[in-house]
Amino acid sequence: MADLGKALGVNPAAARDLALAPLADAPALTELAAWRRDAAISRRDVLKAVADYDLAEQALRLEVAHQYPAISLGPGYNYDHGVTKLPFSLSLALPPWDLNKHAIAQAEAKRAEAGRSLELAQANALAAVDAATTALATAQDDFRRNRDHDVPLAQHAHDNVAASLKAGEADKVDELAAQGAVLDAQLALLDARHAAATATADLEDALRRSFDPAETALIQTTMTAEKTKVAMGVGR
């Protein structure tokens, strides 16, 4: 309870009185393929890589434009002793002697580097989702095996030993050993359930998506409210 209180930022006495909700069953991953695709295009790290690529692309276009002469016309306004004058300034900017090829090459190299960073960000996102999905499937299989096979088998063996003890065909040592086997199976079940919960959290993190309907609804409500505030601010 001390560790739980520290994690929640409350004292251990308050954490001891908390009513913890039971662990939820395995999430329904019927839309995992769509979520995986969304993670590869909408995660924060991916979006940052996309923005960096766009900036590199714009920089390259600017350098390409600088290989040609640039003519600029600047209108002005002047009032001198009751006379209004409208002067104009004309300027001509010539490109570098190499027609800006060096700067273009540098910009192309930066764009290529940004493209590799984008590909790496998407690959990392997909790899994280795949690894978390595999870990969750393994953890769920272990949990189901412990729940449906190991624990019932250990309990059945204990019941048989208890019946044999009543009939005088076994001793107390056999019963204690059977009880220990039941406890081991139950502890393994708890470990498997903890592993499944951890794998679920890892998959949520990889997908940047919550599997809790209440949390998802809260996030959507908050986002809608913020969008409404922004729209009202823009309208004013």
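The model is predicted, so local features need pLDDT of at least 70 and side-chain atom pairs count only at pLDDT 80 or more, while totals for chains, interfaces and linings use all residues. Residues are numbered from 1 along each chain as its sequence is written, and side-chain values use heavy atoms, without hydrogens and water.

**Helix packing**

Helices (H or I, at least four residues) and strands (E, at least two) are DSSP runs, numbered from the N terminus. Axes are lines fitted to C-alpha atoms, for helices over the stretch in contact, and angles run from 0 to 180 degrees between N-to-C directions.

| Pair | Angle | Axes |
|---|---|---|
| Helix 3 (residues 32-42) and helix 4 (residues 44-65) | about 45° | 6 Å apart |
| Helix 3 and helix 5 (residues 101-166) | roughly 150° | within 8 Å |

Helix 3 and helix 5 are therefore roughly antiparallel, a term for angles over 145 degrees. In their contact (heavy atoms within 4.5 Å), helix 3 supplies Leu-32, Arg-36, Ala-39, Ala-40 and Ile-41, and the residues from helix 5 include Gln-122, Leu-126 and Asp-130.

Towards helix 4, helix 3 uses Ala-39, Ala-40, Ile-41 and Ser-42, which meet Arg-44, Val-46 and Leu-47.

**Positive phi**

Most residues other than glycine have a negative phi. Asn-100 has a positive phi of about 65° and lies in the loop between strand 4 (88-93) and helix 5. Asn-100 is buried, with a relative accessible area of 8%; buried means under 20% (1.4 Å probe, protein chains only), exposed over 50%, and partly exposed in between. Arg-208 has a positive phi near 55°, and its loop joins helix 6 (172-207) and helix 7 (213-235). Arg-208 is partly exposed, at 47% relative accessibility.

Definitions and conventions: Parallel < 35°, antiparallel > 145°, perpendicular 65-115°, else oblique.
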